[in-house]
Each structure stands twice: as C-alpha cells, then as structure tokens.
Amino acid sequence: MDFSSSTFLSISSPASLLCRAIVVKPVNYSLLSRTKPRNPLTASCAVNFRNIGSVSWVYEKRISNLSHILMRSSAFLPILASKRETELNSGITDARIVAAAAATVILAVANRVLYKLALVPMRQYPFFLAQVTTFGYVAVYFSILYVRCNFGIVTKEMLAVPKSRFMAIGLLEALGVACGMSAGAMLPGPAIPILSQAFLVWQLVLSVLILRRRYSLNQILGCLLVTAGVILAVASGSSDGQWLSGIEFLWPALMVVSSAFQAGASILKEFVFIDGAKRLQGKTLDIFVVNSFGSGFQALFVFLLLPFLSNLRGIPFTQLPQYLKYGAACFLNIGGHIADCEGAPFLPLLFILTNMAFNISLLNLVKMSSALLSSLAATLGVPLSIYILSLPLPYIPEGTNLNAFFVIGTAILVSGLTLYNLPKPGNQPHRND
C-alpha cells in the first residue's frame, strides 16, 4: 500500500478522527529532567564547575588583555627609549655647540691679540713672517688633504677642478696677508681689529658685483653701521695726543686695502664652491681642496711679490737676500747683531699655531651649527680684543688710551655686525638666476 494514500484515508474516516483525539504527544525528557529533584552533591559540583569555568574565562580574558598591553608596551618601549636617547643626544649636542662657540670666541680674541704681539719682534720683517705663516698652512692643509684622499673623501674629480681660480685666490690672499702684516706692524693694537672689519663692507660690495647677490635690508643697514663705526673710531684717534697721532695715513689705508684683497679671495672661494657643485653633479667640493691649493699659490705669490712689497718699505731688490737672512735670524732670535727681536720665536710661533687653531675651530663650528653662529662668535671677539689690546701687555707695556668717541664707534661697529648676522627671512641672501 502506498504511504500517501493511507494517510489520505485516515484523515477522511471517523476512525481516524477518534484516533487523533486520543493520540499522546511525544514526551520531552529534557523538561522532565529539570523537574526531578537533583542530588545536592551533584548540584553543588555542577555549580562549582560552572563557577570555575567562568573564573577561568575571566582569568583568560584578563591574561589576554595583559599580554596585549605588554605587547603594546614592548612595542612602545623602544620609542620611549629612542625619544629619551634623542633628547640626551640633543642635550649633548647643544653642550658641544656651546663649548665650541666659547672656544671660538676665546681663540678669536687670542688670534687678534697674538697677531699684534707677533709683529712686535718681527716689526722690521713682516714679509718674512707672512712667508713662514703661509708655508705653515701649506704643510698642514696638504697633509690633511693627503689623508682625506687616502680615505676616499676627496675624489679624483675634485682634484681635477681647474686651478686657475686657485691661482687668483692665492694672489689675493698673498696681497692681503702681506699688506695686512706690513700695516699691522706700524699700527697700534686696537686699530687692527677695528680696521679689519672693513672686510664685511668689501665682501658685500664684491659679492653683489661678482656673484650678483642681493642682500636684505638688515644686512645693508648693518654694513652701513660698520662703516660708520670704523670711520668714527679712526677719526677719534687722528687728533693730537690720540692713539693714531703720529702715524701716517698710509698704514690705516693699507690695512683697509688688505681687507679688500681678503674679501675678494673669500668671494672667489664661494664662486669655486658653486661652480664645483655644478661640475661634480651636485656633490660639494671638499673644503681642503680649496684651502690647500689656495694656500699653495698664496705661498708662491708671497715669495714672488717679495721684491715689489719690500720695495714699498724702502728695501732695494739687491738687499732682499740680506733681508731674508736677517728676518730668519730675528724669527729664531739668534745672532747678537739683530736688535729688537725680543719675544721671538715664541710669539710668532704661538700666533701661527693659534691662527691655525682658530680657523679649524671656526670651520668646526660652521659644521656643527651654522655660519650665523660662527660669525656671531667672531663678532663677539672684536670688542674683547680691542679692550685687551688697549691694556699694557708683555712687549707692549705702554698700552693705549681710548677716548669716548672710540668706544662709541666700537659700539656702533659691533651693533652693525650683529644686525648684519641676524637671521635672514626668506633664505636671504639669494642669487639672481
């Protein structure tokens, strides 16, 4: 019999209706089991197991959260350590910059003071001192250049830069050193740092003419203040009884001219760096390449210009070998027939070493911080050196009396230097392309 047809018949017959009325539904044993009384021991065990399960779930959750926190903390700890290390390194760097700036100021003052003291025993032989100084720089710079070449810092492409510009740099620096030492031997101590600040004026003018550079308003005003300060300070000492009285106008003018030569050399160095970056496809020309070859040509030109420069001091060409012989004897302070060489060779050698240390310190400060801080450090050395040079010093026992106008002129000059070195908005100065 088919299962579908029997179902149809049972629904339609009275018997099937009676059967449906007395049909018992299936028993749900799960409901019956809950109504039965439970064993107390079994119930308590079930409750305890349930509690243990819930507690273990809570502990697992808490351990999971704790491990997550620890993982996040372990990921964050290197960041905290790195931040603390950065702050520590930043503090150490700031301390080093402050120490380097202080050392630069001290060396700047010592360099200016020893410049005058070295010319006391070498008063009659400034060109010989200039020759010894330049040869000392040649030895030091080329030694450093040799080491940097061996370490691969200086490449063959850097050494292949045209040397004609280095010749021009060497010529200008030779004229600047020779004229500066010749004038410095005849000028009183405080006049040297004052007149040498004309370097800033020459540098601004020459950079506009050669590099086509534009300067901000504060730099132009600073340059004008420097000029005014120099003029006021020099004018205050030109009257009778003052610190420049009895000194020919030639020597202050020669000191200003020597600043022009040195400023021209610095502008040409900057041009060499700019051109070197183009030739080296964006790489910076190593500074010791410029300094080494520039100093080499400077020593050469100082030697070649000795006949002309010595003639300015009234030394004929025929007496030049004797001049060099006496200059060497005075520098070494040997020979009883050489007079007025007391303090040599200690003072000249001390000046040469201090001058080298000052230049290295200035370069190191530029590398650590900026050219702005190095300029301000050198600027701070100006009034300090003027004050020290006005005092009675060994081998200059008389000292110098500074009047009020000189002090005012010096204050104006320092204000101009500070204004010139203020931060420049918009990356000034910039070039006209």
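The term to have in mind at the outset is pLDDT, which is the predictor's confidence in each residue, from 0 to 100. The chain averages a pLDDT of 77, and 73% of the residues score at least 70. Over residues 1-36 the pLDDT is below 50, and this stretch has seven contacts in the model beyond near neighbours in sequence, a contact being heavy atoms within 4.5 Å. Residues 40-61 also have a pLDDT below 50, with one contact beyond near neighbours in sequence.

As for the ground rules, this is a predicted model, in which local features need pLDDT of at least 70 and side-chain atom pairs count only at pLDDT 80 or more, while totals for chains, interfaces and linings use all residues. Residues are numbered from 1 along each chain as its sequence is written, and side-chain values use heavy atoms, with hydrogens and water left out.

Let me turn to the interior. A nonpolar core here is a set of buried Ala, Val, Leu, Ile, Met, Phe, Trp, Tyr and Cys residues joined through side-chain atoms within 4.5 Å, where buried means under 20% relative accessible area, exposed over 50%, and partly exposed in between, with a 1.4 Å probe and protein chains only. The largest such core has 77 residues, and those with the most contacts inside it include Phe166, Met181 and Leu285. Its largest share, nine residues, comes from helix H7 (residues 164-184), helices being DSSP runs of H or I of at least four residues and strands being E runs of at least two, numbered from the N terminus. Leaving aside residues up to four places away in sequence, Met181 touches Tyr115, Leu119, Pro126, Leu129, Ala130, Thr133 and Phe351.

Now for the backbone. Most residues other than glycine have a negative phi, and most peptide bonds are trans.

Finally, a cis peptide bond with omega of about 0° joins Ala344 and Pro345, and Pro345 is placed in the loop between helix H14 (320-332) and helix H15 (346-368).
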